[in-house]
Every structure is written in C-alpha cells, then in structure tokens.
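Subject: Structure for your review

Dear colleague,

Please find below the structure that I am handing over to you. I would be grateful if you would read my notes beside it.

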Amino acid sequence: MNRLMESQDLLREVMTESIGIYMSKEPNPKFGDSWRDLSIWQLIQHLAHEVEEIKRSDTEDRQYHNALDSIVLAAMIAARVRLGLKKD
C-alpha cells in the first residue's frame with residue numbers, strides 16, 4: 001500500500017473512532033444532540049478548550065482522546081454551518 005492510501009485509511013479510522021465516541025454519549029440526556037442548540041461561537045470556544053487540553057495532556061493516551069473530541073467538535077461546527085446554509 002502506498003503512503004497516500006495509508007494516510008487516507010488512517011484519517012478515516014480516526015474520524016470513525018471520533019464519531020463513535022460522540023455516539024456513545026448521545027443516549028445520555030446531558031449530551032444527546034444538544035450541540036445543535038449551541039451557537040457556532042460556543043462550539044468554537046469548546047474546540048479551543050479541547051486544543052488547550054491537547055497541549056496540556058500529560059500522556060499520549062489523554063492527548064489522543066482530546067484530539068478525538070476536537071475532531072467531533074470541528075464536525076459539529078461544520079454541521080451547524082450547513083444547517084444555517086439550508087435556511088437560505
């Protein structure tokens with residue numbers, strides 16, 4: 001397998017793992033899809049917090065988990081933008 005294909009596979013795997021973490025929290029009433037009720041700016045602030053958590057993480061495991069949370073937050077931001085576009 002060439003490097004480009006390997007890189008694409010790795011990114012897909014990480015994105016899948018990231019959405020899996022989010023989906024495992026969805027049944028909890030505290031989480032659900034409450035991100036849809038937040039503004040884009042609130043989601044961006046949360047993403048900025050997660051990036052700071054990545055920087056402060058003292059283990060690679062913690063860093064990885066925070067990075068996965070960041071991926072989901074970035075996807076939520078994109079989805080909120082998409083929802084706004086559909087209103088036009």
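A residue is called buried when its relative accessible area is under 20%, exposed when that area is over 50%, and partly exposed in between. Glutamate 52 has a relative accessible area of 34%, so this residue is partly exposed.

Please bear in mind that this is a predicted model. The mean pLDDT of the chain is 91, and 98% of the residues reach 70 or more. Among the elements of the chain, helix H2 (residues 40–56) has the highest mean pLDDT, 96, while H3 has the lowest, 93.

**Helix H1**

Helix H1 runs over residues 3–25 and has 23 residues. From the first C-alpha to the last, H1 reaches 34 Å, which is close to the 33 Å expected at 1.5 Å a residue. The N-terminal end of H1 is capped by asparagine 2, which has a side-chain oxygen 3.1 Å from the backbone nitrogen of leucine 4.

Which residues of H1 are buried? They are Val14, Ser18, Ile21 and Tyr22. The buried residues of H1 pack against helix H3 (60–86).

**The nonpolar core**

The largest nonpolar core has seven residues in all: Tyr22, Trp35, Leu43, Val72, Leu73, Met76 and Ile77. H3 supplies the largest share of this core, with four residues. In soluble globular proteins, nonpolar side chains tend to be buried together.

Two residues illustrate the contacts in this part of the model. Valine 72 is in contact with Ser18, Ile19 and Tyr22, leaving aside its neighbours within four places in sequence. Leucine 47 lies in helix H2 and touches Ser70, Leu73 and Ile77, not counting residues up to four places away in sequence. Leucine 47 is also 13 residues from serine 34 in sequence, and the two are 15 Å apart in space, C-alpha to C-alpha.

**Salt bridges**

How many salt bridges does a search of the whole structure find? The search finds three.

One of them joins arginine 12 and aspartate 9, with the closest N and O atoms 3.1 Å apart. These two residues are separated by about one helical turn, because they are three residues apart in helix H1. Arginine 12 counts as partly exposed, at 48% relative accessibility, and aspartate 9 counts as partly exposed at 29%.

Another salt bridge brings together the side chains of lysine 55 and glutamate 52, at 3.1 Å from N to O. Both residues lie in helix H2, three residues apart, about one turn of the helix.

In the remaining pair, the side chains of glutamate 53 and arginine 56 meet at 2.5 Å, N to O. Why are glutamate 53 and arginine 56 about one helical turn apart? The reason is that they are three residues apart in helix H2. Glutamate 53 is partly exposed, with a relative accessible area of 24%, and arginine 56 is exposed, with 51%.

A general point applies to pairs of this kind: an α-helix has 3.6 residues a turn, so residues three or four places apart point the same way.

Yours sincerely

Methods. Residues are numbered from 1 along each chain as its sequence is written. This is a predicted model: local features need pLDDT of at least 70, side-chain atom pairs count only at pLDDT 80 or more; totals for chains, interfaces and linings use all residues. Side-chain values use heavy atoms; hydrogens and water are left out. The expected span of a helix is 1.5 Å times one less than its number of residues. Buried means under 20% relative accessible area, exposed over 50%, partly exposed in between (1.4 Å probe, protein chains only). Contact means heavy atoms within 4.5 Å. A polar contact is a pair of N or O atoms within 3.5 Å; within protein, one must be able to donate a hydrogen and the other to accept it, and residues adjacent in sequence count only if both atoms are side-chain atoms. pLDDT is the predictor's confidence in each residue, from 0 to 100. A nonpolar core is a set of buried Ala, Val, Leu, Ile, Met, Phe, Trp, Tyr and Cys residues joined through side-chain atoms within 4.5 Å. A salt bridge is a side-chain nitrogen of Lys or Arg within 4 Å of a carboxyl oxygen of Asp or Glu.
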